[in-house]
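This report examines a metal site, a group of aromatic rings and a nonpolar core in turn. The sequence and the structure are shown first.

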Amino acid sequence: MKRLILTATALTLAGALAACSKKAETSPSEAAAAPPAAPAADAMASMPMAAGAKMAKGAGTVTAVSADSITVDHAPIPEANWPAMTMAFKAAPDLAKSVKPGDKVAFDVKLQGGAGEITAIRKQ
Ligand SMILES: [Cu+2]
């Protein structure tokens, strides 16, 4: 009889541990992928591009342009925690075509995973 109780206790513990580790697996990914308000799975399925992305504004001088990128010597961007620097941003071909090295510009940038994509750019 005693042995039976011990076995039952062991099974209960194993079940509790399994539940624990399952919970631990889901928490970090939810925290990393979803903004606080988003109910993870649904929001991510309907708008994958928006997950974790953040918009910011920048200003600077264009130093180089390629078919799908714009390099800007930009002022600090507090939203991204970036100091002033020269860096290449991904940009749609139409946007890249609209500027040339030497242009002073203001731009909107979508920040995601430490990279930035220019979504709008205006000469100043
Ligand atoms: Cu930068």
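## Copper site

In this predicted model, the copper ion has three coordinating residues named here: H74 through NE2, M85 through SD and M87 through SD, at 1.9 to 2.6 Å. Along the sequence these donor residues follow the spacing H-x10-M-x1-M. H74 belongs to strand β2 and M85 to strand β3, and this pair links distant parts of the chain, 11 residues apart.

Is H74 buried or exposed? H74 has a relative accessible area of 1%, and it counts as buried because the limit for that class is under 20%. M85, at 25% relative accessibility, counts as partly exposed, because that value lies between the 20% limit for buried and the 50% limit for exposed residues.

## Aromatic pairs

A pair of aromatic rings is described by the distance of the centres and the angle of the planes. How many aromatic pairs does a search of the whole structure find? The search returns 2. In one of them, the ring centres of W82 and F89 are 6.2 Å apart and the planes stand at 55°, so this pair is classed as tilted. Both W82 and F89 are buried.

F89 also pairs with F107, with 5.2 Å from centre to centre and 55° between the planes, and this pair is likewise tilted. The pair links distant parts of the chain, since F89 lies in strand β3 and F107 in strand β4, 18 residues apart. F107 is buried, as is F89. W82, F89 and F107 together make up one aromatic cluster.

## Nonpolar core

The largest nonpolar core contains 19 residues, and the members that touch the most others are I70, F89, F107, I118 and I121. Two or more residues each are given to this core by β1 (54-66), β2 (69-74), β3 (85-91), α3 (93-97), β4 (104-112) and β5 (115-123). Strand β4 provides the largest share, 4 residues.

Which residues does I121 touch, leaving aside those up to four places away in sequence? The contacts of I121 are I70, L95, S98, V99, V105, A106 and F107. Two of these partners, I70 and F107, are themselves listed among the core residues that touch the most other members.

Technical notes:
Residues are numbered from 1 along each chain as its sequence is written. This is a predicted model: local features need pLDDT of at least 70, side-chain atom pairs count only at pLDDT 80 or more; totals for chains, interfaces and linings use all residues. Side-chain values use heavy atoms; hydrogens and water are left out. A nonpolar core is a set of buried Ala, Val, Leu, Ile, Met, Phe, Trp, Tyr and Cys residues joined through side-chain atoms within 4.5 Å. Buried means under 20% relative accessible area, exposed over 50%, partly exposed in between (1.4 Å probe, protein chains only). Contact means heavy atoms within 4.5 Å. Rings of Phe, Tyr and Trp (its six-membered ring) pair if their centres lie within 6.5 Å; planes under 30 degrees apart count as stacked, over 60 as edge-to-face and the rest as tilted. Donors are N, O and S atoms within 2.8 Å of the metal (3.2 Å for Na, K and Ca); water is not among the atoms, so sites may look incomplete.
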